[in-house]
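Subject: Two-chain model, handover and findings

Hello,

Here is the structure I promised.

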Amino acid sequence: MNTRKDTMGTALVALTLVAMMVSLYMVFLYAPREATMGDVQRIFYFHVPSAWVAFFAFFLVFVFSLVYLARSNKRWDTLAAACAEIGVLFCTLVLITGPIWAKPVWGVWWTWDARLTLTLVLWLIYVAYLMLRHYMTDPERRATFAAVLGVIGFLDVPLVYFSIRWWRTQHPQPVMAGGEGSGLEAPMLATLLVCIATFTLLFFTLLRHRLRLQSLRDEVDTLQDRLEQAG
Amino acid sequence: MWRAITTILWKDLKIELQTKEAFGASFVFSLMVLVIFNFTLDLTTEEALKMGAGFLWIAFAFGGVLALNRSFALERDENCVQGLQLMPVDRGGIYLGKCLANVIFMLITEIILLPLFAVFFNVDITGRPLYLFAVLFLGSVGFSSVGTLFSAIAVHTRMREVILPILLLPITIPILIAAVEATAYAFGADTDPSFWFRLLLVYDVIFVTVSFLTFGYILQE
């Protein structure tokens, strides 16, 4: 059934590939060397877009979970699960690229600042979401439970963020976490925007492949069922 | 609705009075956490005063997870979940009854653990008793609200007892932060008393409302 040519998918992959080449060129050759931080600052062009994709993916999990609870159509559950997986992947990238950048610049690998802590807590929540899915067998029940967690998990985001911020203001801060991104030069900003667009394209490419994989799995399942019934 | 709440609440309290399983598990475990803190950290009185609120809430949270696991494991054992599903009442009533029972179990553990904590760590807990009690209550409501919902989720998974803390602890971080700060004030620390108290109240309202609204989906057949 899936033998027909996937023109849209091929086009998306090609577009993402081209965008990646452009992004790499811009990150390493076009964007100027940052005056104080040096070349290590270039990780910023991977770090920030990863964070954007992670948050975007978790937001989509929330939206698809709500739609699933309202409509209970399996499609929305598959979408939510795929978004959660990709979100966790990019959230992991944020948590890896962050410390690599922080060590030479701030002098520490990690600081319990609101944004960092929120990212870590988000990672924990959505890994728990994936674990819950993994530990359930009944597909309909799994979809409903995961949707409830997808909604609560996302509603929790602002609560976690502001709690940590207010908590931080009452405790001494170990390092100066100055706001980066303030006053970006034009070429830097352009590079950042292109990278964000590229990562977004990559997100949709991965999502598409994940959905195709799921539909193939479902097809194998139905074929297997039919085989068992016949034999 | 009101009758559903009281019926479920009485049922859980009666079972608990006879078996004392939830209390036994959560109390002994919480106590163990405090004892282990003592050995691993070896605190002076000033340090204990500063960090005591945090220790207490770690002990309450871990003990609470055990009691919450029990909450729906109880229903699963004799296939009572089906009975609950068949009850011709509003799902919200069942949720509130269950949640209230869990709040009461947590509070009992907390109230018995507090004097022991005061003795072990040499902390004066009598400074603001009414405020302290209100904070314990609000903290337990916040923790049990999502906890009850997740307990109902956890019994249907393959890893039952393991999955509950993994789901619950990251979600309840805001509650724990606010509860620890408010409890620290009750012990005489220099934190803002009304701010964290009000925040705890707001979080409780949010968490109870969302859990109340979503519980119906969990208890579907």
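Asn122(B) has 14 C-beta neighbours inside 10 Å, so Asn122(B) counts as partly exposed. The scale works like this: 20 or more other C-beta atoms within 10 Å of a residue's own make it buried, 12 or fewer make it exposed, and anything in between is partly exposed, with C-beta atoms placed from the backbone. Phi of Asn122(B) is near 60°, a positive value in a residue other than glycine. Asn122(B) lies in the loop between helix H5 (91–121) and helix H6 (129–154) of chain B. Helices here are DSSP runs of H or I with at least four residues, strands are runs of E with at least two, and both are numbered from the N terminus.

Ser72(A) is found in the loop between H2 and H3 of chain A. Ser72(A) counts as partly exposed because 15 C-beta neighbours lie inside 10 Å.

Ground rules. This is a predicted model, so local features need pLDDT of at least 70 and side-chain atom pairs count only at pLDDT 80 or more, while totals for chains, interfaces and linings use all residues. Residues are numbered from 1 along each chain as its sequence is written, and chains are lettered from A and ligands numbered from 1 in the order in which they are written.

Confidence

The predictor gives the complex an ipTM of 0.89 and a pTM of 0.90. Chain B averages a pLDDT (the predictor's confidence in each residue, from 0 to 100) of 89, and 100% of its residues score at least 70. A contact is two residues whose C-beta atoms, placed from the backbone, lie within 7 Å.

Chain B

Chain B has nine helices and zero strands. The radius of gyration of chain B, taken over C-alpha atoms, is 17 Å, close to the 17 Å that the globule rule gives for 221 residues, so chain B is as compact as a globular protein of that length. The rule is 2.2 Å times the number of residues to the power 0.38. The C-alpha atoms of chain B fill a box of roughly 55 × 35 × 30 Å along the principal axes. Buried residues make up 49% of the chain.

Chain A

Chain A has six helices and zero strands. Its C-alpha trace spans about 70 × 45 × 25 Å along the principal axes. Of its 231 residues, 32% are buried.

Look at H6(A). It covers residues 186–230, which is 45 residues, and reaches 66 Å from first C-alpha to last, close to the 66 Å expected. The expected span is 1.5 Å times one less than the number of residues. Its buried residues include Met188(A), Leu192(A), Phe199(A) and Phe203(A). Their cover includes helix H1 (7–30), helix H2 (44–71) and helix H3 (74–106) of chain A.

Interface and core

How many residues of chain A are in contact with chain B? There are 24, and they meet 23 residues of chain B. Helix H4 (114–134) and helix H5 (139–169) are the elements of chain A that give two or more residues to this side. H5(A) gives the most, with 14 residues. By class, this side of chain A has 18 nonpolar, four polar and two charged residues. Ala, Val, Leu, Ile, Met, Phe, Trp, Tyr, Cys and Pro count as nonpolar, Asp, Glu, Lys and Arg as charged, and the others, Gly among them, as polar.

The largest nonpolar core has 127 residues, and among the members that touch the most others are Ala57(A), Cys83(A) and Leu167(B). Such a core is a set of buried Ala, Val, Leu, Ile, Met, Phe, Trp, Tyr and Cys residues joined through C-beta atoms within 7 Å. Helix H3 (residues 45–77) of chain B gives the largest share, 14 residues. Leaving out residues up to four places away in sequence, Cys83(A) touches Ala57(A), Leu60(A), Val61(A), Phe64(A) and Leu207(A).

Best wishes
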